[in-house]
Amino acid sequence: MEAVRFDNVKFSYEEDGAEFAVNGVSLSVEEGQFVAILGRNGSGKSTLAKLVNALLTPTEGKVTVFGMDTLDPKMTFEIRKSAGMVFQNPDNQTVASVVEDDVAFGPENIGVPREEIGKRIEFALDAVGMQAFRHATPSRLSGGQKQRIAIAGVLAILPKIMILDESTAMLDPRGRREVMEVVKKLNKERGMTVLLITHFMDEALQADRAIVMHRGEAVMDGAPEEIFARSDELESYNLTLPRAAAVCKQLQAAGMPVGNAFDAEELAEEICRSLQKG
Amino acid sequence: MLNDVTFGQYYPAKSFVHNMDPRAKIVLIIAFIVAIFLARNFFGLAAVFLVLVFLVLLSRVPFGRVLRSIKMILFVIVFTAILNLFFYSGESAYEPLVDWWIFTITYESVVNMVFLALRLFLLVMGTSILTLTTTPVALTDGIESLLTPLKWIRFPVHELALIMSIALRFIPTLTDETNRIIAAQKARGANFETGGLIRRAKAMLPVLIPLLVSAFRRAEDLGDAMDARCYSGAKGRTKYKKLRFTWRDLLGVLFFAALITGIVFLNMYLGTKFDIIAQIASLF
């Protein structure tokens with residue numbers, strides 16, 4: 001089933017609409033897909049994310065989530081129930097001083113009965129591996145843990161789509177790994193549709209599909225490997241290859257017979273193979 | 001610099017008092033204050049004091065910890081006590097102790113001063129038991145629940161409670177941020193430690209402005225995050241945590257009813273605070 005659909009969407013933050021943050025994007029995301037949206041600062045990728053769950057509505061064109069039009073105010077609530085969103089700064093999205101109260105916030109808002117909320121808290125904390133912190137104070141947790149709590153807060157609403165708006169940008173490498181693992185697990189085990197907005201190229205490798213945004217337009221769209229193979233084009237959008245892929249490319253340029261590799265493990269294997277051959 | 005700012009003064013422990021419903025505790029503390037001001041003689045205050053000691057023992061909070069809350073208010077107590085000593089203007093049945101220029105100290109003014117100081121002391125100690133045994137979150141929930149009747153006059157009770165709990169939640173975040181900004185300004189040569197009061201207040205300005213700007217940005221982010229989690233006000237909202245009134249709270253209510261009744265009786269049979277002079281004299 002089609003989860004998200006953009007039909008020639010334009011969006012401007014200004015009233016007069018002279019400059020478009022999103023300028024004529026058309027795309028469609030199938031349910032269960034893991035899509036990475038890449039782009040530099042100001043490329044319009046965060047705006048794109050906010051258009052999905054009706055935090056912003058298109059100036060022109062149409063965005064639909066499971067067939068619901070984001071321009072229809074009667075649908076806003078339903079759309080936000082199906083498309084949960086995790087933001088960049090973990091400190092700015094917690095409302096309560098106790099983890100379980102914060103996770104309960106979403107279900108409370110949509111009027112879930114009390115016993116059911118208890119079950120949902122359990123489920124959500126379990127899914128992000130934070131059961132032990134149910135009664136903890138978010139401000140004492142690490143960045144990665146806080147962000148997992150934020151994911152749990154969204155999961156408790158039982159959405160079908162999870163939007164992560166640069167949710168790993170402020171985390172240390174360990175926190176990033178924690179969050180990425182949770183997201184991957186949600187996608188693989190629960191068939192959650194994931195829209196991952198990021199400027200870390202390595203993270204895009206985990207996705208089924210990558211979309212590159214540049215000046216409000218979706219300029220590249222395809223499997224991550226396919227996109228990283230077009231490195232010159234990528235560079236013209238001010239994006240760099242994942243580190244392992246960059247090393248691989250340099251090795252190729254220096255005349256070492258290695259195949260294309262995008263992460264450290266693949267690269268190690270390629271190097272091994274070429275060394276055995278030689 | 002701001003590391004020792006602990007918000008609230010909750011003392012975690014498992015006790016009868018900790019387990020009471022916050023609503024009951026708030027109401028009972030009001031009853032406690034009423035009892036203090038109802039007492040007309042020292043016997044009444046002594047009864048309140050005994051109850052206070054009993055409550056502290058029951059709450060398993062160390063006495064030192066409870067007394068610490070007096071430290072902050074000690075100046076106020078001493079100041080009002082001294083004012084009362086010199087400027088008490090009631091009738092006196094005895095010779096003045098001191099009569100110099102505009103200052104007159106009588107037995108009555110001494111008694112009055114002691115009585116007032118004791119009252120303030122009990123007041124602060126009593127209320128600190130509430131804050132020591134109740135988390136800020138539970139207090140907010142309790143206040144929200146107690147204010148519920150105001151919904152009938154369209155008072156935004158839920159919104160007020162949410163604002164309070166968000167404010168509490170942001171205290172540690174903003175404290176961290178303040179420390180960060182102070183460090184950043186120090187690194188650029190700002191000086192917060194020396195100079196007079198005005199100079200130091202002025203030095204805080206480059207800390208407060210960035211803090212304010214960032215607080216607004218955080219507020220906007222939080223608004224988005226709340227929208228994304230389907231927040232739409234109190235309408236159609238359920239609540240996960242429900243406060244429960246238990247046998248503990250019933251016991252507490254009965255206990256405080258007994259205290260107030262006791263004080264009324266002490267007032268009736270043991271005279272006013274000034275009778276203490278005659279009462280002590282009759283002992284000898």
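**A tour of chain B**

Start by selecting helix H1 (residues 22-38) and helix H8 (residues 247-269), both of chain B: their axes come within 10 Å and cross at roughly 10°. Helices here are DSSP runs, H or I, of at least four residues, numbered from the N terminus. Axes are lines fitted to C-alpha atoms over the stretch in contact, with angles from 0 to 180 degrees between N-to-C directions. Angles under 35 degrees count as roughly parallel, so H1(B) and H8(B) are roughly parallel to each other.

Before moving on: this is a predicted model, where local features need pLDDT of at least 70, side-chain atom pairs count only at pLDDT 80 or more, and totals for chains, interfaces and linings use all residues. Residues are numbered from 1 along each chain as its sequence is written, with chains lettered from A and ligands numbered from 1 in the order in which they are written.

Now show side chains. Residues of H1(B), including Leu28(B) and Phe32(B), meet residues of H8(B), among them Phe256(B) and Ile260(B). Being in contact means C-beta atoms, placed from the backbone, within 7 Å. This helix contact has 13 nonpolar residues, one polar and one charged (nonpolar: Ala, Val, Leu, Ile, Met, Phe, Trp, Tyr, Cys, Pro; charged: Asp, Glu, Lys, Arg; polar: the others, Gly among them).

Next, colour domain 1 (22-134 + 244-283) and domain 2 (169-228) of chain B, bounds that come from an automatic or database assignment. Their centres, taken over C-alpha atoms, are 41 Å apart.

Last stop: chain A. The contact takes 33 residues from chain A and 26 from chain B. On chain B's side, H7(B) gives the most, eight residues.

Key. Two residues are in contact if their C-beta atoms, placed from the backbone, lie within 7 Å. Helices (H or I, at least four residues) and strands (E, at least two) are DSSP runs, numbered from the N terminus. Angles under 35 degrees count as roughly parallel, over 145 as roughly antiparallel, 65 to 115 as roughly perpendicular and the rest as oblique.
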